[in-house]
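Here is a walk through one protein model, from the overall fold down to single residues. Keep the coordinates open as you read.

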Amino acid sequence: MKISAITVFPLTSERPELKVGKPIHPSWWGYDQALVKVDTDEGISGWGTAGTRWELADAARKVLTPHFIGEDALQPDAVTERAHQWTFWYGRGGTITNFVGAMNQALWDIFGKSTGQSVSRLFGGRFTDTIKPYASMLFEWPVDQMIRQLEAGMELNFRAFKMGWGTFGRVDANRDRELVSAARKAVGDDVEIMVDAGGSDIYWHNGLKWAMETARMLADYNVKWFEEPLRADDLEGYKALTASSPVPISGGEVLTRRQAFEPWIRERAVDILQPDQTICGGLSETRRIWQMAYDNNVQVITHGWNTAVGLAADLQLAASMPDSKYVEFWYPAPYVDGILVDPFMLNADGLLDIPDKPGLGIELDEDAIKERGKGADDYGL
Ligand SMILES: [Mg+2]
């Protein structure tokens, strides 16, 4: 079975104002995503997500298509690892890595469909059939809208919520406490909450002392973990914080390629490592990172602020690892709920059933996808 065509589909219908302290730039679209569809000469197709703007993913597609066409579609790891290796002068760790990662997801999807097995089975088997999703949303100020969203999420059976960015860490300590206190009050004591400072934000200005003080505040509200409290590359800062924080520290969503994760694992720089498949290199790469972390007793909870395809890939990977705990579920989630024939639904216990159907176990609605990519070229420049 040979790769016969590769298509990039823009997901650009959701471009709300970025809710951070200051606007970054009118054409900065943090929400844009790119779906990658791989067709084969035997009629089976697979899907992946490149966690970047579609224009960049499509540029990578143009460059790499001649090298992928005609390759064996049933060798996901070999085909994409070769691509990772020989693109060493093409900007490795950037768009090329995002795109090859999407190809990797799509080829695993095809391999599963052609063998009649879910990807988690192809990875050697399933340690679990269900997992707890946490609803991943943004802090809002004033808090009214955020509280309504939390309440609506509980109606959908979510039992864990991560709130992030917004004005958290960007005004003062009182604001931070008020945001977290309002969220805790809204969900009660039995629902889990996590806090994401968003330290990969432009010129993140908070340092180690702020993070230490804030971590102590978060402990008062029984926060499950504190995400990206420091700049994304501050390895030494994370080591010091993780060693002293009363709440678990997480990070790693912007890192790419397994080699970048190695020191974070070796140095125990975080309690929870958060590789993003759609950014760091796909299913195969994230599985390697997770295995390395597991062997060193570091928890992995994949980062997943992208699409239903990314979520499906996260679910397959989580099923195949012995210590999986949560999956990130973008909420409200236009590119998760809005592009599937049968959207993911939480069960009565607030868990997601992990598909055990061939490949990634989802069916995409191509009309809905095209609808969400209309006007993709018009981004205000
Ligand atoms: Mg984050």
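The paragraphs below go from the whole chain to domains, helix contacts and local backbone features.

This is a predicted model. The protein has 14 helices and 12 strands. Its C-alpha trace spans about 60 × 45 × 40 Å along the principal axes. Buried residues make up 49% of the 381 residues.

Domain 1 covers 3-120 + 365-372, and domain 2 covers 125-353. Their C-alpha centres lie 23 Å apart. The contact between them takes 36 residues from domain 1 and 34 residues from domain 2. Which elements of domain 1 supply at least two residues each to the side that touches domain 2? They are strand 2 (33-40), strand 3 (45-50), helix 2, helix 3, helix 4 (119-122) and helix 14 (366-372). Helix 3 gives the largest share, eight residues. By class, this side of domain 1 has 13 nonpolar, 16 polar and seven charged residues.

Start with its contact to helix 2. The axes of helix 2 (residues 76-86) and helix 3 (residues 95-115) come within 9 Å and cross at roughly 170 degrees. An angle over 145 degrees counts as roughly antiparallel, so helix 2 is roughly antiparallel to helix 3. Helix 2 brings Pro76, Val79, Thr80, Ala83 and His84 to the contact. Helix 3 brings Thr97, Val100, Met103, Asn104, Leu107, Trp108 and Phe111. The class count for this contact is eight nonpolar, four polar and no charged residues.

Helix 3 also packs with helix 11 (residues 282-295). Here the angle is about 100 degrees, and the axes are 5 Å apart. Angles from 65 to 115 degrees count as roughly perpendicular, and helix 3 and helix 11 are therefore roughly perpendicular to each other. On the helix 3 side, the residues are Val100, Gly101, Ala102, Asn104, Gln105 and Trp108. On the helix 11 side, they are Gly282, Leu283, Ser284 and Glu285. The contact divides into four nonpolar, five polar and one charged.

Leu360 lies in the loop between strand 12 (352-353) and helix 14. Is Leu360 buried or exposed? It has 31 C-beta neighbours inside 10 Å, so it counts as buried. Setting aside neighbours within four places in sequence, Leu360 is in contact with Trp47, Asp109, Gly112, Val119, Val309, Ala312, Ala313 and Gln316. Gln274 is 86 residues from Leu360 along the chain, and their C-alpha atoms are separated by 20 Å.

Finally, check the backbone. Most residues other than glycine have a negative phi, and most peptide bonds are trans. The following cases depart from that pattern. A cis peptide bond joins Trp141 and Pro142, with omega about 0 degrees. Pro142 sits in the loop between strand 4 (130-138) and helix 5 (144-155). Another cis peptide bond joins Tyr331 and Pro332, where omega is about -10 degrees. Pro332 lies in the loop between strand 11 (326-330) and helix 13 (334-337).

Positive phi values come next. Trp165 has phi near 60 degrees, a positive value in a residue other than glycine. It lies in the loop between strand 5 (160-164) and helix 6 (173-187). Tyr203 has phi near 45 degrees, also positive in a residue other than glycine. Its loop runs between strand 6 (192-196) and helix 7 (208-220). Tyr203 has 7 C-beta neighbours inside 10 Å, so it counts as exposed.

Technical notes
Residues numbered from 1 in each chain as written. Predicted model: local features only at pLDDT ≥ 70, side-chain atom pairs only at ≥ 80, totals over all residues. Axes fitted to C-alpha atoms, helices over the stretch in contact; angles between N-to-C directions. Helix = DSSP H or I, 4+ residues; strand = E, 2+ residues; numbered from the N terminus. Parallel < 35°, antiparallel > 145°, perpendicular 65-115°, else oblique. Contact = placed C-beta atoms within 7 Å. Nonpolar A, V, L, I, M, F, W, Y, C, P; charged D, E, K, R; others polar. Domains from an automatic or database assignment. Buried ≥ 20, exposed ≤ 12 C-beta atoms within 10 Å, placed from the backbone.
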